[in-house]
Amino acid sequence: MNVPGFSIYHEIESLVEAGIPTPDIITSGTSNVAVFFGETGSYGIIAEGAAADLVLRSGNPLEDYTQLKENRGVFVRGKWLSPEFLAEELSIIRERHTE
């Protein structure tokens, strides 16, 4: 079963096993998305004027792709979402779908 938002980790692992370099995998899900939609420089990068949605990780995913699972918080639309807040929100979603 693939759960949206979590299945990406399985996909990334498969891409790594297929021999695709981790930096290429990360680029395909960030700046290349903006390129595809003709929005180069608008998002998917860290730059002045670009959308500033960021995910903070424990380590460097370029060196170890498993760091992509080590979520330390999210900065979205100018608001910080702590790991505790995210865990609580996931708990609410889990309760809604396990009743």
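In which loop is Gly59 found? Gly59 is in the loop between strand E1 (54-57) and strand E2 (71-76); strands (E, at least two residues) and helices (H or I, at least four) are DSSP runs, numbered from the N terminus. This is a predicted model, in which local features need pLDDT of at least 70 and side-chain atom pairs count only at pLDDT 80 or more, while totals for chains, interfaces and linings use all residues. Residues are numbered from 1 along each chain as its sequence is written, and side-chain values use heavy atoms, with hydrogens and water left out.

Gly59 counts as partly exposed because its relative accessibility is 28%, where buried means under 20% relative accessible area, exposed over 50% and partly exposed in between (1.4 Å probe, protein chains only). Gly59 and Arg72 are separated by 13 residues in sequence and by 9.9 Å in space, C-alpha to C-alpha.

Arg77 is not a glycine, and its loop runs between E2 and strand E3 (79-81). Arg77 counts as exposed because its relative accessibility is 76%.

Side-chain contacts come next. The charged end of Lys79 sits over the ring of Phe85, 5.8 Å from the ring centre; the criterion is NZ of Lys or CZ of Arg within 6 Å of the ring centre and within 35 degrees of the ring normal.

For rings of Phe, Tyr and Trp (its six-membered ring), a pair requires centres within 6.5 Å; planes under 30 degrees apart count as stacked, over 60 as edge-to-face and the rest as tilted. By this rule there is 1 aromatic pair. Phe36 and Phe37 form it edge-to-face, at 5.0 Å centre to centre and 90 degrees between the planes. Both Phe36 and Phe37 are exposed.

On the surface, Phe6, Leu90 and Ile93 form a nonpolar patch with about 250 Å² of accessible area together. Leu90 lies in helix H4 (residues 83-97) and is partly exposed, since its relative accessible area is 34%. Accessible areas come from the Shrake-Rupley method with a 1.4 Å probe, and for residues only the protein chains shown count as cover.

Definitions and conventions
Patch = residues over 30% accessible without salt bridge, like charges linked within 9 Å, V, L, I, M, F, W, Y side chains within 5 Å. Salt bridge = Lys/Arg side-chain N within 4 Å of Asp/Glu carboxyl O.
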